[in-house]
Amino acid sequence: MSQDTINQIIDKGYKHGFVTDIETETIPCGLNEDVVRLISQKKNEPEFLLNFRLKAYRHWLTMTEPTWAHLHHPPIDYQAISYYAAPKSKKDAPKSLDEVDPELLRTYEKLGIPLKEQEMLAGVAVDAVFDSVSVATTFKGKLKELGIIFCSFSEAVHEHPELIEQYLGSVVPYSDNYFATLNSAVFSDGSFVYIPKGVKCPMELSTYFRINAANTGQFERTLIIAEEDSYVSYLEGCTAPMRDENQLHAAVVELVALKNASIKYSTVQNWYPGDKDGKGGIYNFVTKRGECRDDNAKISWTQIETGSAITWKYPSVILRGDNSVGEFYSVALTNNLQQADTGTKMIHLGKNTTSTIISKGIAAGRSQNAYRGLVKIAKNAENARNFTQCDSLLMGDKCGAHTFPYIESKNKSAKLEHEATTSKISDEQLFYLRQRGLSVEDSVSMIVNGFCKQVLRKLPMEFAVEAQKLLGISLEGSVG
Amino acid sequence: MLKIENLHVNVDDKNILKGVDLVVKPGEVHAIMGPNGSGKSTLSNVIAGKEGYDVTQGDIILDDQSLLELTPEERAALGVFLSFQYPVEIPGVNNIYLLKAALNAKRKIQGLEEMDAFEFLQLVKEKMQALKMDEDFLYRDVNSGFSGGEKKRNEILQMTLLEPKLAILDETDSGLDIDALKIVADGINQLRSPDRSIILVTHYQRLLDYVQPDYVHVFNKGKIQKSGDKNLALELEQSGYNTIETK
């Protein structure tokens, strides 16, 4: 695209401020410095943010895609992607639910999702009137009283630029890795949370409440800051499989926990995994990292990963403050041709820091499921402790489970434990449950949920129930 | 009524059952005895529909319906219950969760509503008292870390909840001390009823001291070699299986 065309587009002006009118605003595919500037200008961003994006973009040009993960996919053509707001083309969207993959609809029904929401999730070209708008409004009022900021990332850029400038890239630097750097250059939108000193957020913050409000797109950016003595529990995602025509997703999530603060971040990731032959699934390359920046801080990640054709994701914790605590509880389930390479990094810098890693990998079909984890104990991290447990469950004989634990300890006082098991769902277990009258599906679901119990019980209650159902549904047809 | 007709079963191309005939009427308790490897457990598993058993001849009929083409869960729905010789551990699954799922699966087939949590808890506690089981049984993982006696009692508990039409107890007495044996026998006796058939598969006579069978069958080399009343069991206890074999 020529500079003139870009300028023409920019010059059109924005009567809705920085909110994009998705029906008319499109820019052609491809990535160059002008596109990065255009994104920033369209969003009416302050200069520091443009500079952040440009630094990232220029750095990205010097990088190459990582190849160390246990993943295989055709090369991604970064010039074939549209980098602005990922507008949904209504022309290509299904006109009604009749045109949507019946498999997907069946899953929605099993999850008990109302028709309106089904249309929205399946990307049907209708103007979804969404009931939660009013809910979200009352919800926001309540948070405001407490001084809690919970809004879209773009909104935060305009309302609280000083917080963004201070914290953006402070946990995941713009140069961190190929996908995080790409995200830093072109991120579209995401969530921003700020919990003031001494405030315990009284409700679970969920992106679900704004799912209709923001089209966060493929390059999502989330930043959560918990000031001294504060607490927040944040839920991300949705159990319903979400369709998206953008195949590449590269999100960045940064968490900052200050002194005595605690952040609990729960994810249910169920992006479209592709069909039985792996066609059309999402590539999910995500960088999630939290920093316990001061003493006695705590960051806990819980994730249920059942979606995407490819999952590349290592929610990590930098344990900088003394006595700080990092936790990672994960269930990663792959079926058909899905591939997951996921795990965590626990970086112990402070004294008496502790971390816990519980990872449950379930592989079915012809899928590949890898746990990759790093526990690093720095020289000054006296009395650091880590406990790691990695369990893999295999279903059938065409899938693979892999465990890649890395340990680097530079301090002799460290205590590190690692346990790993690999098991199969046994015919004996299945026969036992079926003899008691349970269907094959229910039997598998029960065994898998039992296997994942340690992780599921870390989820907020309402999420846990849905996640249990989801695990069963994701494995349908994988046995017998 | 259970009717087994000329049943031949292969496992890995090896002929294990070689023509079993057996009729168990409602209200009757049949004991099947016999030496190790005689095919007793195979018979139990085949009736319940376990995979890996190849029926080459004959039929298994429950109330005029052949079971052979049915899945294990379909057979369970018809009222077939197998108390396992080695109850299987299901890590991470609370016992109460399995009990409730099993009962509700059955209720669903009967066209009944699912039982709510409160009602279910009342019912299961009542059944547990009869088996002298502690409440904490409910919240432990299915059979995980259970002692031998606890596992068997748990099987009986499931049976009393599901109230099957045909109950097959595979070596339920093995691994039980005398107190546990009495409790388990008590549970079985409570389940005796005019519309229920019970098959006790056992190696030893001692369970039969507490549960009086109507018939005793001696299994050997894949066949019923001799049938009689409870006195046959006593006879066996005294003279051993060898005497039967040579007859």
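I note at once that the model is predicted.

**Entry 2, sheet in chain B.** I next traced an open sheet of six strands in chain B, whose order is β6-β9-β10-β3-β11-β12 and whose pairing is mixed. At its edges I found β6 (80–83) and β12 (223–228) of chain B, each of which pairs on one side only. From one strand to the next, the twist averages 20°. Within the sheet I looked up strand β3 (residues 29–33) and strand β11 (residues 215–220) of chain B, which run parallel and are joined by four bridges; there, I32(B) stands opposite H217(B) of β11(B).

I also checked which helices pack on this sheet. α5(B) touches β6 and β9 (166–170) of chain B, and its direction makes about 165° with that of β6(B). Helix α8 (residues 230–239) of chain B touches β3, β11 and β12 of chain B, and its direction makes about 45° with that of β11(B).

I turned to chain A, in which I counted 13 helices and 19 strands. Of its 480 residues, 50% are buried. Taking the contacts in chain A between residues at least 6 apart in sequence, I found that 84% join residues at least 24 apart.

I followed an open sheet of eight strands with parallel pairing, in the order β3-β5-β8-β10-β13-β15-β17-β19 of chain A. The edge strands are β3 (205–206) and β19 of chain A, each pairing on one side only. Inside the sheet, strand β8 (residues 262–269) and strand β10 (residues 298–305) of chain A run parallel with eight bridges between them, and Q269(A) stands opposite E305(A) in β10(A).

How many residues of strand β19 (residues 415–424) of chain A are buried? I found zero among its 10 residues, and I therefore recorded the strand as hardly covered, since a buried residue needs 20 or more other C-beta atoms within 10 Å of its own. Strand β17 (residues 385–394) of chain A runs parallel to β19(A) and is joined to it by 10 bridges; T388(A) has H418(A) in β19(A) as its bridge partner.

Helix α10 (residues 427–435) and helix α11 (residues 440–451) of chain A pack at an angle of about 120°, with their axes 9 Å apart. α10(A) and α11(A) are therefore oblique to each other, and α10(A) passes α11(A) in a right-handed crossing. Q429(A), L430(A), L433(A) and R434(A) of α10(A) make the contact with V440(A), S443(A), M446(A) and I447(A) of α11(A). By class I noted five nonpolar, two polar and one charged residues.

Last, I looked up the contact between the chains, which takes 17 residues from chain A and 21 residues from chain B. On the chain B side, α2 (72–77), β7 (90–94) and α3 (95–109) are the elements that give two or more residues, and α3(B) gives the most, with five residues. I sorted that side into 14 nonpolar, three polar and four charged residues.

Conventions
Residues numbered from 1 in each chain as written. Chains lettered and ligands numbered in written order. Predicted model: local features only at pLDDT ≥ 70, side-chain atom pairs only at ≥ 80, totals over all residues. Contact = placed C-beta atoms within 7 Å. Nonpolar A, V, L, I, M, F, W, Y, C, P; charged D, E, K, R; others polar. Buried ≥ 20, exposed ≤ 12 C-beta atoms within 10 Å, placed from the backbone. Pairing = 2+ DSSP bridges. Axes fitted to C-alpha atoms, helices over the stretch in contact; angles between N-to-C directions. Parallel < 35°, antiparallel > 145°, perpendicular 65-115°, else oblique. Left-handed = near helix turned anticlockwise from the far one by under 90°.
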